[in-house]
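Q: I would like to go through the charged pairs and the core of this protein. Could we begin with the charged pairs?

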Amino acid sequence: MNHQFIYTSLTRISDLPEIEFNVEKLHREHWETGDYVVSKILDPGSNTLNLELITGRMRGVIGGESVVGALGERFATLEATGTWREVKADLRMNVLTGGGLMGKLTSKSVFIPNMMEVDYSGHVFRNGKKVTMNDFVETVEPIPFNTPVILFVGTSMSAGKTTSARIVTNLFKAAGYKVVGAKLAGAGRYKDILAIKDVGANAVMDFVDVGLPSSICAADVYKKKLDQLLSRVQHQNADVAIIEIGASPLEPYNGDLAINILREHIKCTILAASDPYAVYGLMKAFEIVPDIVTGIASNTLAGINMVDKLCNVKALNLIDSSTTEELMKVLSAKTGFSLSGRRNVYG
């Protein structure tokens, strides 16, 4: 590996760490989402900020190092927003996610550290052409999707989707089923699908695998990418697909489009919510009725009772092992799969 650069996890589908490339400046009018770029760190932002490597491991940074990432957009309700489209003439921008999503910060919550600031060095070039994420996407044969889906959605990021998906994945694996995990929408990170892999999923994949640094893009572009991603999921011939919609389906990540395409295959919907009122709001705005509400809203009896009162939906704190039997009953009733005889729920 060429250790001249830090290769973020958005480069994990590429051969950039192994095969040489040139770095050449490109006029702003020729920039596009998914372009691989090299930037020099001007301000690490905070000593708590790390970059996610192609392995999924986190790495600390030092001012002056050079990072390889991809141009993209982020629109996280509770943390930060930004886009490469807002990069100014000084060519300074920010690392919008630890995975190497590059763009100009446009807003930020006061509750998170300052974002890492970088200076654009140039685009990745080979043979006189810029190198993009799409250059490394291997097309699979399109096939109809019909794998039973356990869908995980959230009222916001960090509401508990991935933790809940890990628990459910482990239950199905412990019962002897073949499980595939996929994240269909959000901003590029590797940690969420790796968490599903860590508890036994036979295969995992996300929108990065089909060339998107985040799923913020035109609906027609996203649908083509989603068709490829769902074909990849189907090619696994799994018994069940654990599918996560990153952020909220009401944010501009095309999560609503993904849910509508999946709708007839969804056997059970688990909503991770930040608070009971968010559950009510999402149900009304998106016309979705979850089978289980979990996450922060289910942390206390007060939250559980409020979800029941407002929404008439069952709330379970899935990280509490005392709820496992009830969770299994719901999953079995919705999917038709028996989850009895499990080996170790949290092993």
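Q: Which lysine does the side chain of glutamate 326 meet in a salt bridge?
A: In this predicted model, glutamate 326 forms a salt bridge with lysine 314, at 2.6 Å from N to O. Glutamate 326 lies in helix H7 (residues 324-335), while lysine 314 sits in the loop between helix H6 (301-311) and H7, 12 residues apart.

Q: Is glutamate 326 buried or partly exposed?
A: Glutamate 326 is partly exposed, because its relative accessibility is 35%. Lysine 314 is also partly exposed, with a relative accessible area of 36%.

Q: What about lysine 183, and which residue does it pair with?
A: Lysine 183 forms a salt bridge with aspartate 192, again at 2.6 Å from N to O. Lysine 183 is buried, at 7% relative accessible area, and aspartate 192 is buried as well, at 13%.

Q: How many salt bridges are there by this rule?
A: The count comes to 15. One of them joins arginine 126 to aspartate 15, with the closest N and O atoms 2.7 Å apart. Arginine 126 belongs to strand E11 (residues 117-126), and aspartate 15 to the loop between strand E1 (6-7) and strand E2 (22-24), 111 residues apart.

Q: Changing topic: which residues touch the most other members of the largest nonpolar core?
A: They are Leu16, Tyr36, Leu151, Leu184, Ile243 and Leu262, in a core of 60 residues. Helix H3 (residues 219-235) gives the most to this core, with 5 residues.

Q: And what does leucine 16 touch?
A: Its contacts include Tyr7, Phe21, Tyr36, Val68 and Arg126.

Terms used
Residues numbered from 1 in each chain as written. Predicted model: local features only at pLDDT ≥ 70, side-chain atom pairs only at ≥ 80, totals over all residues. Heavy atoms only, no water. Core = buried A, V, L, I, M, F, W, Y, C linked by side-chain atoms within 4.5 Å. Buried < 20%, exposed > 50% of the residue type's maximum accessible area, 1.4 Å probe, protein only. Helix = DSSP H or I, 4+ residues; strand = E, 2+ residues; numbered from the N terminus. Contact = heavy atoms within 4.5 Å. Salt bridge = Lys/Arg side-chain N within 4 Å of Asp/Glu carboxyl O. Lists of a residue's contacts leave out its neighbours within four places in sequence.
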